[in-house]
Amino acid sequence: MALSIWESLAVLAAGIAAGTINTIVGSGTLITFPVLLATGLPPVTANVSNTLGLVPGSISGAIGYRKELVGQRARILRLGGVSLVGGLAGASALLLLPSDSFDTIVPVLIGLALVLVVVQPKLARTLRARQEAAGTDPGHPDGGPALLAGMTLASAYGGYFGAAQGVLYLGLMGTLLHDDLQRVNAVKNVIAALVNGIAAVFFLFVADFDWTAVLLIALGSTLGGQIGAKVGRRLPPAALRAVIVTVGLAAIAQLLLR
């Protein structure tokens, strides 16, 4: 399907916004997915194209946070392993389930993602409270089985539909790990890159996608990843959440009215 010049610019801009937001907190799919739908792509094709296009942005964001990744190799290997399994399971479910199921499930998933975005301040407060208590209540240094199970399930969701995937990761790791928020966010970016990457490789061989949309989102998200890593921490979180919720509600309305 050929995109017009204005549609191409819109997809590119959405990719930049998604790459920036994903690096900061997650939920960038709530920007790119409805834009792809607006160009006329079917929901499953739009989702697959979006996943492929956001992989470079996830890698870009992880590179931008490379200083915060120092000393976290063992943690990344442990969490990355279970996340890859979950991501592949979610990607498989996307293609095994009937397309009608995707049309039904996605509005629900977007709605749940928006709830997660809205409650993000509470998750942040929980993180700070856990960090303040770390001196007297260290808990499990690596999150224990609860974190491994949670990351597996969150990654399965991410492989199926990535909206608010990063918010899930931050909520899980922020609650179950005692570490600096920026170090947790750095791990989140790496795990998101791994899950999106394994889903993308799977989709390359078995799914339909739009190469133009993929390349535009890839370019935009790569730029956005660097923006998010450098200046994203200065952006007002409330403003970001407002944009995500507005676009997400538009996506739900568009899907329900198709």
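Me: Accessible areas come from the Shrake-Rupley method with a 1.4 Å probe, and for residues only the protein chains shown count as cover. What is the accessible surface of the chain on that basis?

Reply: The accessible surface of the chain is about 11300 Å², and 70% of it belongs to carbon and sulfur atoms. This is a predicted model, in which local features need pLDDT of at least 70 and side-chain atom pairs count only at pLDDT 80 or more, while totals for chains, interfaces and linings use all residues. Residues are numbered from 1 along each chain as its sequence is written, and side-chain values use heavy atoms, with hydrogens and water left out.

Me: How many helices and strands does the chain have?

Reply: The chain has 11 helices and 0 strands, where helices (H or I, at least four residues) and strands (E, at least two) are DSSP runs numbered from the N terminus.

Me: What makes the chain as compact as a globular protein of its length?

Reply: The radius of gyration, taken over C-alpha atoms, is set against a globule rule of 2.2 Å times the number of residues to the power 0.38. For 258 residues the rule gives 18 Å and the chain has 17 Å, which is close, so the chain is as compact as a globular protein of that length. Along the principal axes, its C-alpha atoms fill a box of roughly 60 × 35 × 30 Å.

Me: Why is Ser221 called buried?

Reply: Buried means under 20% relative accessible area, exposed over 50%, and partly exposed in between (1.4 Å probe, protein chains only). Ser221 has a relative accessible area of 0%, so Ser221 is buried. Of the 258 residues of the chain, 50% count as buried.

Me: Which residues does Ser221 contact, leaving aside its neighbours within four places in sequence?

Reply: Ser221 lies in helix 10 (residues 211-231). With contact meaning heavy atoms within 4.5 Å, the partners of Ser221 are Gly15, Ile16, Gly19, Gly53, Leu54, Pro56 and Gly57, with neighbours within four places set aside.

Me: How do you know that the side chain of Ser221 makes a polar contact with Gly53?

Reply: A polar contact is a pair of N or O atoms within 3.5 Å; within protein, one must be able to donate a hydrogen and the other to accept it, and residues adjacent in sequence count only if both atoms are side-chain atoms. The side chain of Ser221 reaches the backbone oxygen of Gly53 at 3.1 Å. Likewise, the side chain of Thr39 reaches the backbone oxygen of Leu36 at 2.6 Å. Thr39 sits in the loop between helix 2 (29-38) and helix 3, and it counts as buried at 7% relative accessibility.

Me: Is Arg73 buried or exposed?

Reply: Arg73, in helix 4 (residues 73-96), has 66% relative accessibility and therefore counts as exposed. Its C-alpha atom is separated by 9.4 Å from that of Val187, 114 residues apart along the chain.

Me: Why does Ala62 count as buried?

Reply: Ala62 has 11% relative accessibility, so it counts as buried. Ala62 belongs to helix 3 (residues 43-64) and touches Leu69, Asn189 and Val190, not counting residues up to four places away in sequence.

Me: What is the phi of Ser27?

Reply: Ser27 has a positive phi of about 85° although it is not a glycine. Ser27 is in the loop between helix 1 (5-24) and helix 2 and counts as buried at 1% relative accessibility.
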